[in-house]
Amino acid sequence: MKVCIFEDDKFEQLYPLTYLRPTFELKCGAIKLWERISRFYKDCEVIFWMREVLVPVFKKSLERVNEPQLLNDDVLCINGRFLLLDDNAPSLKGDEEIGIQGDSIVYARINKERISGKTVANLFESLQNMKTVLSKKEVNFPLISYPWDLINNNGKAIKNDFEISGGYVLKGELHPQSCIYGDSKKVQIANGAKVHPFVVLDTTLGPVIIEENAQVLPFSRIEGPSVVGKNSQILGATRIREGTSIGPVCRIGGEIEESIVHGYSNKYHDGFLGHAYVCEWVNLGALTTNSDLKNDYSSVSVYVKGEPMDSGSTKVGSFIGDHTKTSIGTFFNTGAVIGIMCNVVGSGGVAPKFIPSFCWYLNNMFSKGYGFRMQVETARTAMSRRKVELTQEDIALLKYVHEITTDAREKMVKKSRMG
Amino acid sequence: MTIEEVAERVKKVVSKQLKVPVEEIKDSSDFVKDLGAESIQSIELVAAFEQEFDITMDEEAALEVKNVGSAIGFIKKILDQQGKKNQT
């Protein structure tokens, strides 16, 4: 039996987080959505299916991507938006079946005879066609449909990760003048990790996971459930509140609450980030701050596919695409959506709730910035500082996103000039 | 629009954006070396030219323009290409 993690047609609902990655590469808890699935079905070969435009980039890291010839066995196809917690997963055993939730295919258990040797150009479309032939079952599983779903489930996912990965670990350095406040067994401090003096790890609400070679500098306080990823640095006097995941190779300072920083991003200085998802290669300038609660405590609207949508949640921060930079003193409104490769310069006021990809926001005006080529060069420089190469495949994907976001960008520039 | 009209309006935009008296702005003035434009102001200048002349400029090509005289020529060419000859 094989497991195939597929991306369905709802990826646009997760923009800007999914411009440069398939839905299942999003992070919730300590790991990515696909890693949660793969961990559960650990004895199965896992293959992947995603938008064709992403394949050249992800073939390198995931390897078995969009290859019909690998569908040569009984296969359990699982939607990549599935948030696998505890044991809530579809069974490998049983007759052919398709699990449906609303208009989404959650999983499909398919026999080898039905799928093997077929020409599958687009697995998701093939699954849609199988709705009429497979036994249908209405199910109720957690699916990530919108960016804030990742945030709302993050704390729960971290607790789950802590338990599944074996609970208490102390392999790194926990300085004797640091303090675990709460259950002292609710920590994981991995090899090479260092917790400096005068750090408080507060486990009263959940575990604190410090991954390999991460460092937590003095006077910081980390509330569980939280994760600090590999090779990340938590700078002095940082306040990390519950439900926060910091990915690998990040530098984090200031105050951060119930947020996910995907990886390779910096929020080096003071400033508040709450209920936010920050993609890769983002740099938030000093005092960059987002609102995550409206003053009238009403639910927050968020731009989804270019239109405002009621999130149904009163606590929603900002969603910031890859390679975006903010200047010192940038303020984001509740539920702000900032595209990829934006440059947002704080001008004293609150930035707009929606900034299209590759836009500059400067002196309260939108502009196209210094052009695609220069933005790519800036990305190359930023990545090389962390010894990561910007490949031709990455550039081709960026170019594709630049093209599909042109209308939104030009519309905003024009609107801004009309005052 | 004549080249003289373009030049006058370009210099007014430059004066307003970079806060330099218009009489100090020469065709030979380099935006960075002589007029003190920072990188962010260059972006603002391109946006201000687009707004002033109601044109669309390729941002990479526009940022290759280093002095006021070149900007005047660059914008005149775009105005002609984009059919904005009679704009006032």
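On a 1 Å grid over the protein atoms alone, a pocket is an open set of points where a 1.4 Å probe fits, with protein on both sides within 12 Å along at least five of seven lines, and its lining residues have an atom within 4 Å of a point. Grid points are joined across faces, edges and corners, and a volume is the space filled by probe spheres set on the points.

Welcome to this predicted model, where local features need pLDDT of at least 70, side-chain atom pairs count only at pLDDT 80 or more, and totals for chains, interfaces and linings use all residues. Residues are numbered from 1 along each chain as its sequence is written, chains are lettered from A and ligands numbered from 1 in the order in which they are written, and side-chain values use heavy atoms, leaving out hydrogens and water.

Ala, Val, Leu, Ile, Met, Phe, Trp, Tyr, Cys and Pro count as nonpolar, Asp, Glu, Lys and Arg as charged, and the others, Gly among them, as polar.

| Pocket | Volume | Lining by class |
|---|---|---|
| Largest pocket | About 1,200 Å³ | 21 nonpolar, 11 polar and 16 charged residues |
| Second largest pocket | About 640 Å³ | 14 nonpolar, five polar and six charged residues |

Let us start with the second largest pocket. Its lining has 25 residues, and those closest to its centre are Gly306(A), Phe354(A), Pro356(A), Ala408(A) and Met412(A). Helix 9 (406-417) of chain A is one of the elements supplying at least two lining residues, and with six residues helix 9 gives the most. Helices (H or I, at least four residues) and strands (E, at least two) are DSSP runs, numbered from the N terminus. Because domain 1 (2-145) and domain 2 (150-417) of chain A both give residues to this lining, the second largest pocket lies between them; the domain bounds come from an automatic or database assignment.

The largest pocket is lined by 48 residues, of which Glu25(A), Lys32(A), Pro248(A), Tyr264(A) and Glu280(A) are the closest to its centre. The largest share, five residues, comes from helix 2 of chain A.

Helix 2 (residues 55-62) of chain A has Val55(A), Val57(A), Phe58(A) and Leu62(A) as its buried residues (under 20% relative accessible area with a 1.4 Å probe, protein chains only). Seen down the helix axis, these residues fall within an arc of 150°, so they line one face of helix 2; the arc is that of the directions from the axis to the C-beta atoms. They pack against helix 1 (33-40), strand 4 (45-49) and helix 8 (392-404) of chain A, where contact means heavy atoms within 4.5 Å. After helix 2 comes Glu63(A), with a positive phi near 65°.

Methods
Buried means under 20% relative accessible area, exposed over 50%, partly exposed in between (1.4 Å probe, protein chains only).
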